[in-house]
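Open the model in your viewer and keep the selection tool at hand. The tour moves from stop to stop.

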Amino acid sequence: AEAQFSLAFCLHKGEGVVADTTEAARWFRAAAEQGDARAQFSLGVCFDKGEGVAEDKAEAARWFRAAAQQGDARAQFSLGVCFDKGEGVAEDKAEAARWFRAAAEQGHTRAQFSLGVCFDKGEGVAEDKAEAARWFRAAAEQGHTRAQFSLGVCFDKGEGVAEDKAEAARWFRAAAEQAHAEAQFS
């Protein structure tokens, strides 16, 4: 499985060989069927984007789930997105939040932000502005622009944290410096 995944990766990226997404998907599948979580995630991406295979959101979700159940944070996040948007699976905000949390707890930045949004809006979890701010901070400290802006809003409005205009400005500046349009006007 290791060699199959490595070959698929080279074929997918065009590293050392001519890029061939169809051949890459074939080798990702060979490794994925042997239980390789990286290959399962990568095959899920192929189906999600229609790279080397026909786009199939249900197949994408199936492979994301296989990798997610093995603890792959990228797959956990991607499966969370599937449940959040109802792509390839029935929309289920609680399942989305569950998978976002699994990935967020492993330090996955986009999952941390997404989990923060869940808590901020009360989607799939009980609304909890303090938890929202906590997850926004985790992602913001890793440079996630929208999390930086969202954390700035938390401090500006005193939602989930004590109101602190200076701290709000610091996070708005961090987001603005990364070209977050809304933050540039905050």
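Is Glu-167 buried or exposed? Select Glu-167: this residue is buried, with a relative accessible area of 18%. Buried means under 20% relative accessible area, exposed over 50%, and partly exposed in between, with a 1.4 Å probe and protein chains only.

Two notes before going on. This is a predicted model, where local features need pLDDT of at least 70 and side-chain atom pairs count only at pLDDT 80 or more, while totals for chains, interfaces and linings use all residues. Residues are numbered from 1 along each chain as its sequence is written, and side-chain values use heavy atoms, leaving out hydrogens and water.

**Around Glu-167**

Show helix H10, residues 165-176; Glu-167 is found there. Helices are DSSP runs (H or I, at least four residues), numbered from the N terminus. Glu-167 touches both, not counting residues up to four places away in sequence. Contact means heavy atoms within 4.5 Å.

**Helix H2**

Select residues 21-32. This is H2, with 12 residues. From first C-alpha to last, H2 reaches 16 Å, close to the 16 Å expected at 1.5 Å a residue. The expected span is 1.5 Å times one less than the number of residues.

Colour Ala-24, Ala-25, Phe-28, Ala-31 and Ala-32, the buried residues of H2. Look down the axis of H2: its buried residues fall within an arc of 125°, so they line one face of the helix. The arc is that of the directions from the helix axis to the C-beta atoms. Their cover includes helices H1 (2-13), H3 (37-49) and H4 (57-68).

Next, select Asp-20, which caps the N-terminal end of H2. One of its side-chain oxygens lies 3.2 Å from the backbone nitrogen of Thr-22.

**His-108**

Go to the loop between helix H6 (93-104) and H7, where His-108 lies. His-108 is buried, with a relative accessible area of 12%. Show Ala-73, Arg-74, Phe-77 and Ala-103: His-108 touches them, not counting residues up to four places away in sequence.

**The last stop**

Select H5 (73-85), H3 and H7 (109-121). Each supplies at least two residues of the lining of the largest pocket. H5 gives the most, with seven residues.

Note on methods:
Polar contact = N/O pair within 3.5 Å; in protein donor to acceptor, adjacent residues only side chain to side chain.
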